Amino acid sequence: MNNYDIVIIGGGPAGLAAAVSAKNRGIERVLILERERELGGILNQCIHNGFGLHTFKEELTGPEYAQRFINQVHELKIEYKLSTMVMNITREKKVTVINREEGLFEIEAKAVILAMGCRERARGALNIPGYRPAGIFSAGTAQRLVNIEGYLPGREVAILGSGDIGLIMARRMTLEGASVKVVAELMPYSGGLNRNIVQCLDDYDIPLKLSHTVIDIKGRERIEGIILAKVDNLGKPIRGTEEEYACDTLLLSVGLIPENELSGGIGIDMNSITLGPNVNESFETTVEGVFACGNVLHVHDLVDFVSEEAMVTGRSAADYVLSGLQKPTVFNNNIEVIAVGEVRYTIPVKLNANRMEDILTVRFRVGKVIKNQFISVYFDEKRVIHQKRLIMVPSEMENIKLSKSKLKEYPKLKHIIVKIEEE
Amino acid sequence: MYDIIIIGAGVTGAAVAREVSRYQAKTCVLEKEEDVCCGASKANSAIIHAGYDAASGSMMAKMNVLGNQMMHQLSEELDFPFVRCGSLLICRRKEDMPALLDIYERGIRNGVGGLRILESREIAEMEPNVTDDAVAALYAPTAGITCPYSLNIALAENAYTNGVEFKFNTEVLNIRKLNIGYEIESSQGIFKTSYVVNAAGVYADKVHNMVCEHKIHITPRRGDYCLLDKSAGNHVGRIIFALPNAEHGKGVLITPTVHGNLLIGPTAVDIENKEGVNTTSEGIDELINKAGLNVKNLPMRQVITSFAGLRAREDNHEFIIEEAIDARGFIDCAGIESPGLSSCPAIGEKVADILKVKLKLNENPDFIRTRKKILNPKMLSSEERNQLINRDPAYGNIICRCEMITEGEIVDAIRRPLGAKSLDGIKRRTRAGMGRCQGGFCTPRVMEIIARECKMSMFDITKSGGSSKIVSGFNKDSV
């Protein structure tokens, strides 16, 4: 029987947590569809520690963190299909999938949770000039080769981009016997967490060159070297600052993009900043009964926040199914959450005080490094939250909490504005 | 001793090989790279030109117009994509109208059918994203688009099936004229042959000059390209060319591809390095600046890759397709720059005709004119697809998630005649790794399949042969 209450697309951290929370909320038929050969998603190749400090109050490796949720999936007898690719989803929540054993077939769902994660930006998106030899990997591809397959991509490594995967891979490649020459970052600040710069670069004397980029790639068959140059305020290379690095490997850690090809096919309204769906307080997209959480929604820096977000999503999807698919309100009839100025976006963009849980976490990122300023939240014209932050950086997700009881005091509220203020 | 040795397995060499395989001749193709389609044939605009560009009466014009006419039937015989989508040559300035009319008239003289001058209203109806500045355009309904790899691979596979040998990683180092025929010294030893066909692309001058006193010179002309994601693929429905003008020089073209992407390019920079396929920041900047002149609102954020290709530009800007005057039995296909792809069926036929007469060749009674491409499960109904997966479960296993390519297709690409041996070989045959993530997810999976099917070590798997190895050892093997 190919009918389920909730079908979850993706068995990574978001999909697992959503499945567990939906099942715990009382949903009988939950199905996880996973394209890889194992549950766990990208966590399986994240064999470093640092996961779970928020969720489990202890430090786990990626596979250990995933296993905690996989165990719950097994205990709760949640169904899943591995090596199964979703080809299409319709607005009516018919999911077309393919795998070796069952072929191409349709699954009908009452609710769908999108949890496909993200992919890495490739070299092409950066227009890095030069040859196109072997030896250029996105950091995640290299991470898979090293951590899952056991193969060393190369021995003399340069890394472009200081995203977390790039930083982690700088340390990993060093530990596996490669020499990491340099990490170059186009922006004047790192794209990764500060703790990763300390633990992955500083501890191994790997130089981080901010405001630098690769302006040429040498080597026709296997990469032989790169030219780095300093860039100006506009990101343009400055003449005379070129330095050549010999290397047989270039890793790229230059950003992650939510994988929303399926979402686009359903006609979900997308956010041009996050490249993920626009969602409300229940993590429901603009297509009724289709929810989204995790990196497919917006790219996270900590998996703990993915799990937290996915748990809410699982509960919301469960409530949607349990309420007999009766939507309490219409998406467009809700309060709008608006990001202003250096607040680049917010999740969610709409909220309904009646449907939200007691506390709603609004997550966002800032567009530049900001020191000693305030996060302010306005309910229409009235400032209701004013919290000082010593430092905010684009690579670390910020959040503020809204309480249901407070919102109930503003029955005619139309806009919630989130912005950064100097005082 | 061969009857015919063809140097180069690009689109010209493969077309000659396929046409020669209609006759009974012992033929071999020598290719310095590990696969077919590794030089000029792999990185170009993928356009089948109408034929109005080349000077009237030139070999280039003849081959282009004839090749264009032959392309449809060839695409049906050899099962490669060809879409006659038409092209517009955009004129943005009234003062350039005489130049546009000159090209129109040249097209008529060259025998190009269906040419029409369009006014701005008609242009806007046909292509709403063409610039509002367009005052007129030359519409060429016979222009089309193809997949150059598919075309090149199809020709080579068909030639192979009809008995032509292919030797890869075989670089020609020297050629000596014997009393009868030639002795070719290569990186894989000596080959003797009665006739030589020089289809060596940017190296055709080097090969020609090994034998002939009458020297030729070919300049590699580099062109940078940007390829955009499929989400931008419908931005234009036809090939949009720019009319060269005094202010901007030669413009860049914008074209849909047969796979639904959008392609922008090329630049034109003359270089000396025959392997100089590196892109440059100047080139890519030029593309971004010029592309916007003729087409509005180009979503340049959607670029998924950029690449550069070389055109083999002979000093007289003309195809040389003839027996060398001072070397009997040595037949040149030199200077095959654009419109070489468009011309390849005609070039193949012309060279085969020369060889047929010279060698007094008899027809090959077993010649098979058709060839089937790699089975594409996307073209099947759900029912047919399930039958296929039932027979071979590998067709239910998606390996490249961006292009939705199955393990079954990858295995087919490896096992078929002249099958793929490298990641690029797989990519060009199946499109695995050619999508928006550019192989980020599928590279390790494709490597696994190559290792299994070819009984190769993971350490010997390459991106494109030679020293382009992907992994260099085991973790900690040096610690």
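Conventions. I am working with a predicted model, in which local features need pLDDT of at least 70, side-chain atom pairs count only at pLDDT 80 or more, and totals for chains, interfaces and linings use all residues. Residues are numbered from 1 along each chain as its sequence is written, and chains are lettered from A and ligands numbered from 1 in the order in which they are written.

Strand E18(A). I looked up E18, residues 249-252 of chain A; strands (E, at least two residues) and helices (H or I, at least four) are DSSP runs numbered from the N terminus. Thr249(A) and Leu251(A) point one way, Leu250(A) and Leu252(A) the other way, and all are buried. I take buried as 20 or more other C-beta atoms within 10 Å of the residue's own, with C-beta atoms placed from the backbone.

Partners of E18(A). Strands count as paired if DSSP finds at least two bridges between them. I find E10(A), residues 136-138, parallel to E18(A) over 3 bridges, with Ser138(A) opposite Leu252(A). E12(A), residues 156-160, also runs parallel to E18(A), joined by 4 bridges; here Leu160(A) has Leu252(A) as its bridge partner.

Chain B. I list 12 helices and 23 strands. The radius of gyration (over C-alpha atoms) is 23 Å, close to the 23 Å from the globule rule (2.2 Å times the number of residues to the power 0.38) for 479 residues, so chain B is as compact as a globular protein of that length. The C-alpha trace spans about 60 × 55 × 50 Å along its principal axes. Buried residues make up 57% of the 479. Of the contacts (C-beta atoms, placed from the backbone, within 7 Å) with a separation of 6 or more in chain B, 73% are between residues 24 or more positions apart.

Definitions and conventions: Buried ≥ 20, exposed ≤ 12 C-beta atoms within 10 Å, placed from the backbone. Contact = placed C-beta atoms within 7 Å.
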